[in-house]
Each structure stands twice: as structure tokens, then as C-alpha cells.
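Student: I'd like to learn how to read a few features of a model. Could you walk me through them?

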Amino acid sequence: MGNTKHTGPIKIPKKPDSKLWVSKVPFGLGKVKPHHIRDTMKVVWENKDNLPYATRILTQGVCDGCALGVSGLRDQTLTGPHLCTTRLNVLRLNTMGPIKDSILFSDIDELRKLDSTELRKLGRIPFPLLRKPGDRKFTRISWDEALDTIADKMKMIQPKQAAFYTTSRGITNEVYYTLAKVSRFLGVNNIDNASRICHSPSKTALSRSIGVGASTCNYKDWIGTDVLVFWGSVAANNQPVSTKYMYAAKRKGTKIIVINPYHEPAMDKYWIPSIAESALFGTKIADDFYQVNIGGDIAFMHGVMKHWFEMEENTPGSALNHEFIREHVNGIEELKEKVMAYEWEQLEKSSGITKARMRELAELLANSKSAVFVWSMGLTQHRFGTDNISQVANLALLRGFLGREHCGLMPIRGHSGVQGSGEMGADPFSLPGGGLDKESRERVEEIWGFKIPEWQGDIVGVSLENALLPDEHERKLKLYYMSGGNFLETMPDPDFVKESLENIDIRVHQDIILNTSTLLDAKQAVIILPAMTRYEQPGGGTSTSTERMVYFSPEIKGPRIEEARSEWEIYVDLAKRVKPEEKELIDFKDTHEIREEIAKAAPNYDGIQHLKNRGDLFQWGGAWLCEDGICPTPDGKGNLITVEIPELRKPEVHFYVTTRRGKQFNSMIYGEKDPFNAADRYDVLLNEDDGNGLGIQEGDAIVVFNQYGTFTGRAKFVPVKPGNIEVHWPEGNSLIPKGVYEDYAGIPEYNTAVIVEKAETYYAHKDTKYVEKRVEELELEPH
Ligand code: SF4
């Protein structure tokens, strides 16, 4: 960890720089781009019934949107306001009133006609609800009835037959910590969170490479670094204020490189609303794009490293940071041997990048004194996600881009709770402040005062599979307690997910709104519990940003949903009902008491106990993890990890498909059209040359299919790497296989091979020609 402290926000230059402008035409008139002012007015209108409260949330609370992190309207990177339309869009979740009884108690089939966006707009869940098999409607029940029913079930089954899950949006560290503790108190190690489908490989890979699973640097390090690389990340769309940091970086001469199969328009040009010259004339963001094949990143990184090793052979010291490697890095010889064994042709074929272009990036990085690598789900959501990230860490270790200003490794998080959930122990491989090793377990047991079960808990995907086990199986899932989340729309293979969720005896949805999963049947009961938002939670709560800033968000005065309760309090209440004889072991008086315990159980979080007022914050680990190259590994050194280039078996005439986000925040959709490229939700983004090869015109109805499912949409020609297509998430989940997990971190594979056909041809022949014959070919795909 490091001793240097973050030095706080800096100013951006006031004088404009026309070299960065997209065009001299003001406001990007005539260009496809977001309309921030119009969107903001829409949000004001939506929140008109509660504007003073909405304003207080924005000015006093910590953003419950993405994990860039901001308290009120100020952040720690740049002076000036920090606000984006993502935060404004999620605002309504906090200000809307309860669902009207006339709608809430409708026939279940009427509710099921609504999609998740429509359900979200109905309002907040007002009180506990129950629906049993055969019930056409929800019934209102008391908290006692709801929690006693869950507690009774918990007492009847084995702990391995229960599971907990928590989402990452809006939930505080205090809630994650309490759930991690309650779950283990009840003997349940099946506890998982939403990071399993986004950044779990980042944590796993960074832990094995540098000994700590978090961003090693700050956003401030972007500003003035020589090279800022975005790898499989569309930060401009998912963490919008990051564009302001990118602008500041460009003003300092930083080169921005984007590596992605699709030349994402949001990373190319952006109109940043809070910077006058950018709002008027736009800002060119990326200096260069590398359009890599889906799944071709490891080969690409091998190409960069291979060229470095070749440069070293000609001119020692021209590529690698020998001093850093000698003092701080293990495994250089093994890595060199592995990388050099690959032929350039293999690397070009897998990555889709030419040797010349791989060498270009290698030389740019070799000639730079500093670099920051930022990545997201384009790297993590693969069956080799952990290996992807380890290779990024290899690049940083070989060049010594670690543990100092303007250098580092940054998994940029999409949800405000992703960083904190794992650090609080809310997953099957973690406890607060550590892993599941004996030492960590004993340390936490000492604080908690009870034994932590030793069996290995299951990840969320496996828990869903366990729902379909025979009743007598020791891991048959009989009680699934979920805080937020909508697996129907986030996990691969929605049909399988539906079958699983409906095959559980009791399903509990603790949430603020209804979604499509909450309306599914269960074998014995569906119980819905109304939760408070982070702004309603008495005593406030904290959340941790990507750059490890722990922000305190106070309780904010305003209207309340009468029966909604703090999520941590609900868990504690349940635990006491299940084990009344040991209830003093699981009690918390308030959130301050939880923070005091977090400070002991998760030593990195020592300091959280002092956060109690609006604006309070601290950064765990200091400004740079691995400061001066000293990593928190047993020998203090970083580890170079050797990996195989994954075999991407893609039969001829097949495409690789990946999913992308449009106008949405994670799985919450806010617009049918992507403001950056005008794509509709069911558009299939493909390269024009590929379209021409298939006789497809722009706008044609097409079918994308494989042995897992079909997706019908319209062709939209965009600059995506030939041979690769993109569809929106979660709509495209029907194409994604279930049960394919990454080996180390258990993230589901979200990429697969597909066939693309014109809809008229597909539907004319599907019974005879396509499904029978070609689906068989697809069985060749590796699992
Ligand atoms: S960029 Fe992220 S943290 Fe900042 S306001 Fe937007 S959603 Fe919130």
C-alpha cells in the first residue's frame, strides 16, 4: 500500500484549445450525440413532485449511480461541478412515491405484461407482499409474517440449500458487511453479489498479480500521464463524468488509446456539458483506436510483449524497465519464453490486429514514462477474464507503470457498490478484509464471536443451477434471498433462469421496485420486502468508489415509504428470528456501530468509523497501491503470469457476438435509441463489408442464432471489426450459453459464436436447413 495521500482536486485550464474541438459548428448540430440539456429538463419534469428532495439528494448525497464516485456535486479529481445524466436518470428511484394499490393488486398476468422499465416507473414497493402458488394477486402481509415465514423456512432446510444475493446499485458498505456477517451466522456460504457478472476477474487477477484486487491509482493520474489506455471500456457512456477527466488529460498532452472491437462513438468524440468549449464544439477523445477481435485481447497483449522482447534483443533497455523488474517483479524468464513461443501469424489471427499495429502500440508504451490502463467488461466478461486482466498487469509490471504518479491499473466499476461488496465479504470467496484462508477466517471469527462455516459457497450462476437439483440433494436451492437484481435480464439464457427461479420453494426479493423476476412464481411463496434507499437509511451509509475513496452519504430529509426498512436492519431481524438463542451475536444498534466493526474486520477500512457527516471521506491504501513498486504479496513483488492464448474456435461463416450498453445504466434502460449512434435496442451492429457479403442491406430484418437461442433484429452498419457483431445487453442474453464460467472468478461467458442470416431466408428454411444442420456445427464450440 502507500503512504502518499491523495492531494485533492485540481483546476482545468480556462482558456480553450481549438485543437481538441470536434467541429466549429456549435452544439454538434447535425451530429448524432446526446442532448444533455433536453435530458436534464426531462428529469426535472419527472421529479417535479419532489424537487426540493431531489435537489438535496444531488447536493448532499453520494451518487448511487456508477462507481466514479462523487459526494454532492464535488469530486476529488477536478474542481467544478460533477453531475451526469446517469445520476439524473436514477434520481427518480429515490423520489417517487409508492405503487398505487389499484395497480399493485392487479392480476399477476396484467403486471407481467409490463417490462422492467414500465414496472420501475410504477413506483416504490410500499409494504411486504406475498404470493403463493395459484394466487392471482399479491397479498399485503406484515413484516412479522414475512420474516417469520422466511425464518421458519431457513430453520427447516440445510444452510447449503439457502443462498443470498445482493446487487451493486445504491447499496452501502454497511449493508454488504451486515449481509456477509448474517449469512455466515446462519451457516450460509452461498452469498454472492452483482460483481460476479462484471468485475470479479479484476479482483482475482490483480490479487494474484500484485497482491491486491483494487485500482492502484486515482483518476487524477489520468491527467498528465503519457498514455491512457481504455481496454474494453466505454467509460464515456458508463461513467460519463470520466470524459471531463479525459478532457483534462488531453489538455496536459496525454494520448488516449481505445482498444475495443467497435469504434465506439462515445470514446471518439464527446460534448462535455460542464466544460463550455466542449459543450459548444465537442472534444476529440481517442487519439487512436485498436479494433481487436472479441476475445483477441490476450493475443494482442502477447504481440505487444513479444515486440518488447524483440526490441530488447536488439537494444537492451529499449523496452523493459529492468530496474523495476529486477527489484519488484517475479517470473520474467517464464513469461519471455511463453510469449516468444507464439508466432506473429497466430497473434495476428487471434487478435485481428496486424503485427505492424501491435508494434506501434508496443513502441508507444516503450517510449512513454508513464501509463494508466483502464478496463471494464470488454476484458472481464470472458471465460478467460482473469487471464485477460493478468496480461494487462504484465504490461504494467514490465514497464514499471505501477505505484507512482500517473501510472497504474484501474478496473473501472459500473455500479456504486461493486468495489465495496467484495471488500465487505459479500461473496463466496471473501470475508471482510481478506479471503477464506484459515488465517482470515480465524481473524474474523474472533471479531464476530461465532464460527464461520468452512464449506465452499457457490457463485450466483451455480446457485441458479442448484435450483434444478432433485429435492433431496444437499445443495438443492430451496430459499433464495435477493437484495435487488433481476437475473431474468442479467444472466445468460433467460429461459433457464426462469425455470430455476420458479423451482425454488421460497424466493425473497428485498428491493425498492418491482422487476420481471419478482413477478415469477415460486414453489411455495414469493415474498417481497420494501427496502430503503441509501438516502433514507437512518445514520447514513458509505460507498467505495473505483479509486478506493470511501464516501459518507448522510440520511437526507424527505418523504419516506412508510414500511420500507434499512436493508441491514432487515437482515439482522431475520437472523435473530432464526437463531433467537444467539441473537446478541448479530445485533447492531445503528450504522455507526457497523462502521466501527468494519474498521476492525477489514483493516484497510480503518478510518471508516470516523465518517459521520456529509462530505466525509477517506481513501484506503493511500494514493497509490504498490507504492514504489512494493506489492502486498508475500515477497513484496509483483508476479508476471503466463497464460495460453485462448482457442477461439469459430467455424467458417460464423461471427463472434458480444453485448454492449446503449442508453441505459447497467440493466436499467432509459431510452430505446442509443444517443451516440442512433441504434435501436434490437439493432444488430455489424460491419458493412460483412453485411454485403451476406447480401444484407442496412435496416434489413436479420436473425442471429446459435444452439442457445435466436435474436431477431435489424442490421445496422457500424465500424465494428469484421467478423464480429454486437447486440445490446440484456436483450442479447438469449444467445449466451448458460453454465460457462471463467475458471478463477466464476464470471459467466458473455461472448459466443453465432450465424447471421437475413430474416426472410432464416424463417423460410429454419425447420429444414438451418436449425437441424447448422446448429450441429455449432456444437463444436468450446465450452
Ligand atoms: S459519472 Fe457516475 S458517479 Fe459521477 S455523477 Fe455520473 S453516475 Fe454519478
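Student: Is Thr 490 buried or exposed?

Tutor: Buried means under 20% relative accessible area, exposed means over 50%, and partly exposed is in between (1.4 Å probe, protein chains only). Thr 490 has 7% relative accessibility, so it counts as buried. Keep in mind that this is a predicted model, where local features need pLDDT of at least 70 and side-chain atom pairs count only at pLDDT 80 or more, while totals for chains, interfaces and linings use all residues. Residues are numbered from 1 along each chain as its sequence is written, and side-chain values use heavy atoms, with hydrogens and water left out.

Student: Where does Thr 490 sit, and which backbone oxygen lies 3.0 Å from a polar atom of its side chain?

Tutor: Thr 490 is in helix H23, residues 487–490. Helices (H or I, at least four residues) and strands (E, at least two) are DSSP runs, numbered from the N terminus. The oxygen belongs to Asn 486.

Student: What does the side chain of Asn 706 reach?

Tutor: A polar contact is a pair of N or O atoms within 3.5 Å; within protein, one must be able to donate a hydrogen and the other to accept it, and residues adjacent in sequence count only if both atoms are side-chain atoms. The Asn 706 side chain reaches the backbone oxygen of Leu 735 at 2.9 Å and that of Ala 753 at 3.3 Å. Asn 706 lies in the loop between strand S24 (701–705) and strand S25 (710–717), and it counts as buried because its relative accessibility is 5%. Its C-alpha atom is 6.3 Å from that of Ile 755, 49 residues apart along the chain.

Student: How many disulfides does the structure hold?

Tutor: A disulfide is a covalent bond between the sulfur atoms of two cysteines. Here the test is a pair of cysteine sulfur atoms within 2.5 Å, and the structure holds 0. Cys 626 is in no disulfide: the nearest cysteine sulfur, that of Cys 631, is 3.6 Å away. Cys 626 is buried, at 0% relative accessibility. Cys 66 is buried too, with a relative accessible area of 10%.

Student: What about Ile 37, buried or exposed?

Tutor: At 65% relative accessibility, Ile 37 counts as exposed. Look for Ile 37 in helix H1.

Student: Which residues does the UniProt domain annotation cover?

Tutor: The unreviewed UniProt entry gives "domain: Molybdopterin oxidoreductase" for residues 124–577. UniProt positions are in the numbering used here, feature names are shortened, and annotations may be inferred rather than shown by experiment. In the model, that span is 40% helix and 15% strand, and its end C-alpha atoms lie 26 Å apart.
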